[in-house]
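Please consider the chain displayed below, together with its sequence.

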Amino acid sequence: MRQGPGDYGAERDPAAGERPPGYGAPGDDAPPGDPAASASSLIEHIQGVMEHQKALLARDLHDELGGLLVGAVMDLAWAEQHMSAPPAELKQKLVRARQTLAAAIDMKRKLIEELRPTLLDNVGLFAALRWHVQAACKRAGATCTLVVPEDERRFLPNVPIALFRIVQEALAVIVARKPVASTEFTLTVDRRAITILIRSDAAGAPSPEEEPGINADVHYLAAIQQRVASLKGEFHHDHIPAVGTHITVRFPLEHTLLPG
């Protein structure tokens with residue numbers, strides 16, 4: 001059954017202590033004596049564990065904390081309706097308490113979306129990417145051209161969250177390089193690969209206070225490169241100050257889609 005956009009669709013780990021699905025022990029696929037491959041496998045394993053724990057935390061926030069907050073709001077609303085001629089001060093306290101709880105519910109929803117986008121589980125990767133890219137462009141005050149297929153695909157386990165994080169981190173790099181005039185996001189699927197293109201046009205040279213720290217860019221780009229490598233993909237990045245940024249990632253279908 002489909003859940004609404006605000007619902008959380010991830011399932012809890014069926015066995016306590018079980019590894020996240022699709023992630024083996026660090027170094028399982030690394031040839032003996034290959035430090036680079038072992039390090040890459042370890043990073044991939046850590047990323048998988050982190051995403052798994054985020055999904056469990058988001059589920060608890062939705063099911064446990066969300067239920068408590070909604071119940072409290074309903075009780076306050078009932079009290080407001082059933083009090084006969086309440087003093088103005090008491091009425092004011094009830095209204096303020098209900099507004100505070102409503103704000104807490106909104107914060108809970110925001111935390112859940114940051115931990116694990118619910119759209120991934122409810123309507124699929126492509127819809128989640130449309131929502132995220134549009135929201136990022138709006139926050140940056142940049143116009144956005146968006147081209148994403150309407151038909152969702154059947155991905156291998158853990159691929160949707162990996163692709164979503166790659167796009168999330170790529171947009172973080174672009175948005176940090178202010179000022180951004182426009183952003184183009186294109187996702188295409190052909191017979192061999194999935195390709196994601198993100199291109200931004202700068203709105204002039206950045207001022208000294210808007211110049212992003214080099215470490216932030218390096219860390220984001222390193223994270224993207226690691227995620228792309230875990231899916232056997234290709235990563236290209238070009239940046240010219242006062243002109244714009246061009247990021248392309250490409251993944252073979254056999255490493256991303258379910259067969260058939």
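## Residue R98 and its helix

R98 belongs to helix α2, which covers residues 88–115. Its relative accessibility is 29%, and R98 is therefore classed as partly exposed, since that class lies between the limits of 20% for buried and 50% for exposed. The C-alpha atom of R98 is 8.7 Å from that of M74, although 24 residues separate the two along the chain.

## The chain and the confidence of the model

The model is predicted. Its chain contains 6 helices and 5 strands, and these follow one another along the sequence in the pattern α-α-α-α-β-α-β-β-α-β-β. Of the 260 residues in the chain, 35% are buried.

How confident is the predictor in the chain, as judged by the average pLDDT? The average is 76, and 69% of the residues reach a score of at least 70. Confidence is lowest in helix α1 (residues 35–82), where the mean is 67, and highest in β5, where it is 94. Over residues 1–32 the pLDDT stays under 50, and the model has 61 contacts beyond four places in sequence for this stretch. Where pLDDT is low, the predicted coordinates should not be read in detail.

## Strand β5 and its partners

Which strands pair with β5? One is β3 (residues 193–202), which pairs with β5 in the antiparallel sense over 9 bridges. Within this pairing, I196 has V249 of β5 as its bridge partner. Another is β4 (residues 234–240), joined to β5 by 7 bridges and likewise antiparallel. Here the bridge partner of E234 is R250 in β5. As a general principle, the side chains of a regular strand alternate between the two faces of the sheet.

Strands β4 and β5 also form a hairpin, with 3 residues between them. A242 is located in the loop between these two strands. With a relative accessible area of 37%, A242 is partly exposed, because this value falls between the limits of 20% and 50%.

Most residues other than glycine have a negative phi.

N158 is situated in the loop between β1 (143–147) and α5. Its relative accessibility is 24%, so N158 counts as partly exposed.

G233 is placed in the loop between α6 (214–230) and β4. At a relative accessibility of 24%, G233 is accordingly partly exposed. Beyond its neighbours within four places in sequence, G233 contacts V228, R250, F251 and P252. For P252, which is 19 residues away from G233 along the chain, the distance between the two C-alpha atoms is 6.6 Å.

T256 lies in the segment after β5. Is T256 buried or exposed? Its relative accessibility is 0%, and T256 therefore counts as buried, because buried means under 20% relative accessible area. When residues up to four places away in sequence are set aside, T256 touches F155, L156, V159, I194 and F251.

## The cavity

How many cavities of 30 Å³ or more does the count give? The count comes to 1, and the volume of the largest cavity is about 30 Å³. The elements that contribute two or more residues to its lining are α4 (125–140), α5 (159–176) and β2 (180–189). The largest share of this lining comes from α5, with 3 residues.

The residues lining the largest cavity are C137, A140, A142, L171, I174, V175, V180 and T183. Sorted by class, this lining consists of 7 nonpolar residues and 1 polar residue, with no charged residues.

Key. Residues numbered from 1 in each chain as written. Predicted model: local features only at pLDDT ≥ 70, side-chain atom pairs only at ≥ 80, totals over all residues. Heavy atoms only, no water. Pairing = 2+ DSSP bridges. Helix = DSSP H or I, 4+ residues; strand = E, 2+ residues; numbered from the N terminus. Buried < 20%, exposed > 50% of the residue type's maximum accessible area, 1.4 Å probe, protein only. 1 Å grid on protein atoms, 1.4 Å probe; cavity = no way out; pocket = protein on both sides within 12 Å on 5 of 7 lines; lining within 4 Å. Points joined across faces, edges and corners; volume = space filled by probe spheres on them. Nonpolar A, V, L, I, M, F, W, Y, C, P; charged D, E, K, R; others polar. pLDDT = per-residue confidence, 0-100. Contact = heavy atoms within 4.5 Å.
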